[in-house]
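Welcome! Let us read a protein model together, one feature after another.

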Amino acid sequence: MGYSPHTAADREQMLATIGVAAVDDLFADIARRFRPASFDLPAPLTEMEVRAELARLAARNRIADVSFLGAGAYRHLVPSVVNEVIGRSEFSTSYTPYQPEVSQGTLQSIYEFQSLICELTGMEVASASHYDGATATAEAALMACRLTRRDRVAVSGALSPDYRRVLETYCSGPGIEVVELPADLSMGGSGRTDPAAGAGIVDEGTACLVVQQPNFLGQLEEMVELADLAHAAGAQLVAVVEPTSLAVLAAPGSYGADIVAAEGQPLGIPVSFGGPYVGLMAAKMASVRQMPGRLVGATRDAQGRRGYVLTLQAREQHIRREKAASNICTNQALCALAATAYLAAVGPHGLREVAELSLMQARHLASALKAAGVGERRFAGAYFNEVAIQVPDANRRHAELLEQGIVAGLPLGREYPELGDTLLLAATELTRDADIERLVGALEATR
């Protein structure tokens, strides 16, 4: 992006045009005691000095040689065509498509994104995207509260702790109560949410039950039973899914999910030190008027030609605040485009292959650790591409491996004190057999 500095004459002309004598006059409405008298800034640098300083700072970054970290963000191969598409100036520089007559390309790409998410989730309608999986989950819970006119949200104890914190923040303003449906965390237990424990928790005052599939601990939930539990109380089921897994697992629409939320990062978006990502949301058509954010629809113009427009924008930027479904006034269009390009490039068979390879490598990882006697599964039952492994003295060994350039997953004791001896390890199609061998060897050396 070019930089065009203003000259003194430029500034004087602008000040004269708006009718003030000096820049300080623009801040006259702010009491002087609140204005800084000076700024403690370092001396300016030349371009060469700036480059050298930035190179020094960048050299402090530590890029792992081998990583088994997942916990909501996963390394996958991003086909070259994805970056080629999103790098086109028509998309990378486009702004909000308020004028459909000049935004058909952007609108069509969002419409295709929505269509793909519906196909992937088995739902009837999808939004134009949200900031990330956590905010999509929180918005889904608030949507359920509006639909049911109830003010209590039940969440699985195996929901991502980060997602739960965001959800609790969203619920704190309108005074919505958040309660927990416990998960079985015992050694050799299921690592899943217990539907039987929900009888006294999910009741006629509950708006929705929020369950992650696969859950944060990597285990596969009994989604049909949990959907029945929610629906028996007149509540909605919010399914928080991992999109790649839907190539091999049942689609949320097939087991009765009312609203689906997800983090779309695994679909063609690199991990990138935490973002930007893209939140996915889908629902039943009967609920569409309570969906937050944007929705792109297909229509016909006066000459009968197919076209695309923003529609059903129930957000506070366009309607009265008290009637709005959300104050979220944007979407992650460029990341949504990346997900669209990724899904189109790999296709249904390619996505299934990615999921199957991830699943297979996770099992190879678990069996290799057990065979070497350095770790075994904490929980019984089915899992997808992430597995909780009990490792004695997990925190110390995790730190030591990090010094060797190996990220041995996530120490679960940070979020679950009862799992202080457990590492959450993820595998994808990028996980090589040699990476697993190196992890096993490193753990053996740190006993």
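Predicted model: local features only at pLDDT ≥ 70, side-chain atom pairs only at ≥ 80, totals over all residues.

Q: Where do I start, and how many helices and strands does the protein chain have?
A: Start with the parts list. The protein chain contains 11 helices and 15 strands. Its radius of gyration is 25 Å, close to the 22 Å that the globule rule gives for 447 residues, so the chain is as compact as a globular protein of that length. Along the principal axes, the C-alpha atoms fill a box of roughly 75 × 55 × 50 Å.

Q: What share of the residues is buried, and what does the surface consist of?
A: Buried residues make up 47% of the 447 in the protein chain. The accessible surface comes to about 22,200 Å², and 54% of this area belongs to carbon and sulfur atoms. As for charge, there are 38 positive and 52 negative side chains, with the centres of the two sets 3 Å apart.

Q: How much of the contact pattern links residues 24 or more positions apart?
A: Take the contacts with a separation of 6 or more: 70% of them are between residues 24 or more positions apart.

Q: Now the sheets, please. In what order do the strands of the 7-strand sheet lie?
A: Here is the general idea: strands of a sheet pair through backbone hydrogen bonds, either parallel or antiparallel. In this structure, 7 strands form an open sheet in the order 2-8-7-6-5-3-4, and the pairing is mixed. Strand 2 (125-126) and strand 4 (177-181) stand at the edges with a single partner strand each, so one side of each has no neighbour in the sheet.

Q: Which way do strand 3 and strand 4 run?
A: Strand 3 (residues 152-156) and strand 4 run parallel, joined by 5 bridges. To find the pairing on your screen, look for Val 155, whose bridge partner in strand 4 is Glu 180.

Q: How does strand 7 pair with strand 6 and with strand 8?
A: Strand 7 shows both kinds of pairing. With strand 6 (residues 236-241) the sense is parallel, over 4 bridges, and Val 238 stands opposite Ile 259 in strand 7. With strand 8 (residues 279-283) the sense is antiparallel, over 5 bridges, and Glu 263 stands opposite Gly 279 in strand 8.

Q: Are the residues of strand 7 buried or exposed?
A: In a regular strand the side chains alternate between the two faces of the sheet. For strand 7, both faces are covered: Ile 259, Ala 261 and Glu 263 are buried on one side, and Val 260 and Ala 262 are buried on the other. That makes 5 of the 5 residues of strand 7 (residues 259-263) buried, so the strand is largely enclosed by the rest of the structure.

Q: What is the strand order in the sheet of 4 strands?
A: These 4 strands form an open sheet in the order 11-12-15-14, with antiparallel pairing. Strand 12 (residues 386-390) and strand 15 (residues 422-426) pair over 5 bridges in the antiparallel sense, and Glu 386 stands opposite Ala 426 in strand 15.

Q: Where is Ile 436 placed, and which residues is Ile 436 in contact with?
A: Ile 436 belongs to helix 11 (residues 433-445). Its relative accessibility is 1%, and under 20% counts as buried. Leaving aside neighbours within four places in sequence, the contacts of Ile 436 include Phe 68, His 364 and Leu 365.

Q: Which residues are joined by cis peptide bonds?
A: The backbone angle to check is omega. A cis bond joins Gln 213 and Pro 214, with omega about -10°; Pro 214 is in the loop between strand 5 (208-213) and helix 8 (223-232). A cis bond also joins Gly 275 and Pro 276, with omega about 5°, and Pro 276 is in the loop between strand 7 and strand 8.

Q: What is the phi of Arg 149 and of Asp 393?
A: Arg 149 is not a glycine, yet its phi is positive, about 60°. Arg 149 lies in the loop between helix 6 (133-148) and strand 3, and is exposed, with a relative accessible area of 79%. Asp 393, also not a glycine, has a positive phi of about 55°. Asp 393 lies in the loop between strand 12 and helix 10 (394-403), and counts as partly exposed at 43% relative accessibility.

Terms used
Residues numbered from 1 in each chain as written. Heavy atoms only, no water. Helix = DSSP H or I, 4+ residues; strand = E, 2+ residues; numbered from the N terminus. Rg over C-alpha atoms; globule rule 2.2 N^0.38 Å. Buried < 20%, exposed > 50% of the residue type's maximum accessible area, 1.4 Å probe, protein only. Contact = heavy atoms within 4.5 Å. Areas by Shrake-Rupley, 256 points an atom, 1.4 Å probe, with all protein chains shown as cover. Lys, Arg positive; Asp, Glu negative; His and termini not counted. Charge placed at Lys NZ, Arg CZ, Asp CG, Glu CD. Pairing = 2+ DSSP bridges.
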